[in-house]
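Keep the structure open beside you as you go.

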Amino acid sequence: MLFGLALAVLVKANLGLDPWNVFNQGVSRRFGWTLGEITVVTSILLLLAWLPLHQRPGIGTVANALVVGPVLDQGLKLIPPPHQPAAQAVFLVVAILATALATGLYVGAGWGPGPRDGIMTGLAARGIPVLVARAAIELTVLAIGWALGGSVGLATVLFAVSIGPLVSRSLPILALPPAPVRPTEEPGPDQL
């Protein structure tokens, strides 16, 4: 839910969007669907792309695919737009920080990557470095979205350069510790 609200705040800042929402907005302008509806459809299509990559979704994967879009749409209805440049800047900072926090929370829960992250991890499992896989995916959707009329601006650049470092800091703090491994008992002489 926090992820969807953070994205709504970023849209309301009106300073550009993160790469995936540049894509989603461009597509939504072509089809007349809401940004949240396109987010859900894109998520489902990305999950289908997991099949050849042999990625396994978790409950967090499904929640990300089905919850972020509707929450984004509700946030867009409820959050008033800022009217001053200073307020727009605050919205931008809050959106980026909240996105990093939300990412740390859902990834840290260990319930499966989001649909977009699963593509990256699937490509990485096939030998493509994570940095290259992520950059290629982000730049591709950004270019397509921009060509379709999605909003690119200062927020797009700031989001792109800051989200990785912020998530890398939030994730270790928010990640749940792994479940303890129970030691296996060695069979006694009467069990052999």
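**Exercise 1.** Which helix gives the most to the lining of the second largest pocket, and with how many residues?

*Solution.* Keep in mind that this is a predicted model. Start with the helices that take part: H1, H4 and H5 each supply at least two lining residues to the second largest pocket. Next, look for the top contributor: H4 gives the most, with 6 residues. Now go to the middle of this pocket: of its 14 lining residues, Met1, Gly60, Ala63, Asn64 and Tyr106 are the closest to the centre. The volume of the second largest pocket is about 280 Å³.

**Exercise 2.** By class, how many residues in the lining of the second largest pocket are nonpolar, polar and charged?

*Solution.* Sort the lining by class: 12 residues are nonpolar and 2 are polar, with no charged residues.

**Exercise 3.** Describe the largest pocket: its volume, its lining and the helices behind it.

*Solution.* Begin with the volume, which is about 950 Å³ for the largest pocket. Then turn to its lining of 37 residues, where Asp117, Arg134, Glu138, Phe159 and Ile163 lie nearest the centre. Trace the lining back to the helices: H1, H2, H4, H5, H6, H7 and H8 each supply at least two residues. Among these, H8 (154-174) provides the largest share, 8 residues. Finish with the classes: the lining of the largest pocket holds 21 nonpolar, 11 polar and 5 charged residues.

Terms used: Residues numbered from 1 in each chain as written. Predicted model: local features only at pLDDT ≥ 70, side-chain atom pairs only at ≥ 80, totals over all residues. Heavy atoms only, no water. 1 Å grid on protein atoms, 1.4 Å probe; cavity = no way out; pocket = protein on both sides within 12 Å on 5 of 7 lines; lining within 4 Å. Points joined across faces, edges and corners; volume = space filled by probe spheres on them. Helix = DSSP H or I, 4+ residues; strand = E, 2+ residues; numbered from the N terminus. Nonpolar A, V, L, I, M, F, W, Y, C, P; charged D, E, K, R; others polar.
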